[in-house]
Amino acid sequence: MTTPRTRPGARQKRQQAPIYLHPLPVRIWHWLNALGFLVLILTGFQLRYVDLIGLMSFETAVHVHNWVGFAVIANWFLWFIYYLTSDRITNYHPDLDASSFFDRFFRQAQFYGQGIFKGEKRPHNVQPSDKFNPMQKLTYQFMMFITVPITFVSGLMMWDVDRFSGLIEAVGGIRVVNTVHVVMFIMFVLFMFVHAYMGMLGPKPSTHYKEMITGYEEPHD
């Protein structure tokens, strides 16, 4: 009995195993954070455009916005402690070789700009300890370590103006604090739209979303 032979010149694709990229704590944090920011954005619009949006009363929007804001702050600290005490913190380590970083950054930008539409291989090799490409890493570092803390602090200052009156005056008054908070709000709205769009750039539109449920990244190439 003879066994089938591979045709000359034919290539057999080696089956790649899925990579366990997103541990359970990260996935839980991700979806709780997404829900929290969605509520904050909706209530923020309600507070800013009270005459145009009628999702809830102004008073209810204030209470929901405040309590969900505290929940998101607590969730951020859980995220920070988890990464600080696990080997996954390498995902957020800064690249000390600036020349190499920006070379990879621009190659990634070129991939997003045209390569991805031509079916080219993605330039960043995703690993559990290095899952962010240079563009993602720079974005997440900025959002998680700069934008989020500024949003929290400005929100706390407006939550209790009397208690933080000294700090408010030190930074230029309540109008400055409010402006900073609104600018952070706009940045988060833009980030969530871009984040949702980028999530659809896998082999299938649902691939990356599925990964944030199962934790496993399916082979892309």
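This briefing covers a nonpolar core and the surroundings of one lysine. The model is predicted. Its largest nonpolar core has 18 residues. K137, in helix α4, is buried at 7% relative accessibility.

**Nonpolar core**
- V72, W76, W79, Y92, M144, V148 and F152 have the most contacts inside the largest nonpolar core, which has 18 residues.
- At least two residues of this core come from each of α1 (24-48), α2 (58-84) and α4 (134-159).
- Helix α2 gives the most, with six residues.
- In soluble globular proteins, nonpolar side chains tend to be buried together.
- M144 touches W29, W76, W79 and P149, once neighbours within four places in sequence are set aside.

**K137**
- K137 sits in helix α4.
- K137 counts as buried because its relative accessibility is 7%, under the 20% cut-off.
- A polar atom of the K137 side chain lies 3.2 Å from the backbone oxygen of H93.
- Leaving aside neighbours within four places in sequence, K137 is in contact with T90, N91, H93, D95, D130 and F132.

**P94**
- P94 belongs to the loop between α2 and α3 (98-113).
- P94 is exposed because its relative accessible area is 56%, over the 50% cut-off.
- In sequence, P94 and K137 are 43 residues apart.
- In space, the C-alpha atoms of P94 and K137 are 8.1 Å apart.
- P94 is exposed, whereas K137 is buried.

Terms used:
Residues are numbered from 1 along each chain as its sequence is written. This is a predicted model: local features need pLDDT of at least 70, side-chain atom pairs count only at pLDDT 80 or more; totals for chains, interfaces and linings use all residues. Side-chain values use heavy atoms; hydrogens and water are left out. A nonpolar core is a set of buried Ala, Val, Leu, Ile, Met, Phe, Trp, Tyr and Cys residues joined through side-chain atoms within 4.5 Å. Buried means under 20% relative accessible area, exposed over 50%, partly exposed in between (1.4 Å probe, protein chains only). Helices (H or I, at least four residues) and strands (E, at least two) are DSSP runs, numbered from the N terminus. Contact means heavy atoms within 4.5 Å. A polar contact is a pair of N or O atoms within 3.5 Å; within protein, one must be able to donate a hydrogen and the other to accept it, and residues adjacent in sequence count only if both atoms are side-chain atoms.
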